[in-house]
Amino acid sequence: MGLPSQKRTKSSKRRRASHFALKKTSLGKCPQCGKPQKPHHACAFCGSYKGKTILTIKTKKKTLKQKEQERKSQKQNKKSKKTDA
Ligand SMILES: [Zn+2]
């Protein structure tokens, strides 16, 4: 087995590791929705690229609780409308 011939000093290790940090990604603004967008990529929020919609974005499915709440709020709105008229 190959063994390192000399000990790697702290400083030599650290000097090497000084280049390991990740760079920040530069984000532009989507011309359609204005949200941050990777350059040369379709927008992740509206799916547009160069002014055309290319991707169909899947939205999160609503949970049963959210659906029930929506129904309740709709029912309440209907009742309030009836009482107003
Ligand atoms: Zn967009």
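What is the mean pLDDT of the protein chain? The mean is 86, and 94% of the residues reach 70 or more. Here pLDDT is the predictor's confidence in each residue, on a scale from 0 to 100.

## Before you start

What you're looking at is a predicted model, where local features need pLDDT of at least 70, side-chain atom pairs count only at pLDDT 80 or more, and totals for chains, interfaces and linings use all residues. Residues are numbered from 1 along each chain as its sequence is written.

## Helices and strands

The protein chain holds two helices and four strands, and reading along the sequence gives the pattern α-β-β-β-β-α. Both kinds of element are DSSP runs numbered from the N terminus: helices are H or I with at least four residues, strands are E with at least two.

Helix α1 (residues 10–17) has the highest mean pLDDT, 96, while helix α2 (residues 64–84) has the lowest, 78.

## Overall shape

So how spread out is the protein chain? Its radius of gyration is 28 Å, well over the 12 Å that the globule rule gives for 85 residues, so the chain is more spread out than a compact globule. (That radius is taken over C-alpha atoms, and the rule is 2.2 Å times the number of residues to the power 0.38.) Along its principal axes, the C-alpha trace spans about 90 × 35 × 25 Å.

Buried residues make up 2% of the 85 in the chain. A residue is buried if 20 or more other C-beta atoms lie within 10 Å of its own, exposed if 12 or fewer, and partly exposed in between, with C-beta atoms placed from the backbone. As for contacts between residues at least 6 apart in sequence, 0% join residues at least 24 apart; a contact means that the two C-beta atoms, placed from the backbone, lie within 7 Å.

## A look at the loops

Take the loop between β2 (36–37) and β3 (48–49), where His-40 lies. His-40 isn't a glycine, yet it has a positive phi of about 65°. It is exposed, with 7 other C-beta atoms within 10 Å.

Between the C-alpha atoms of Gly-51 and His-41, 10 residues apart along the chain, the separation is 12 Å.
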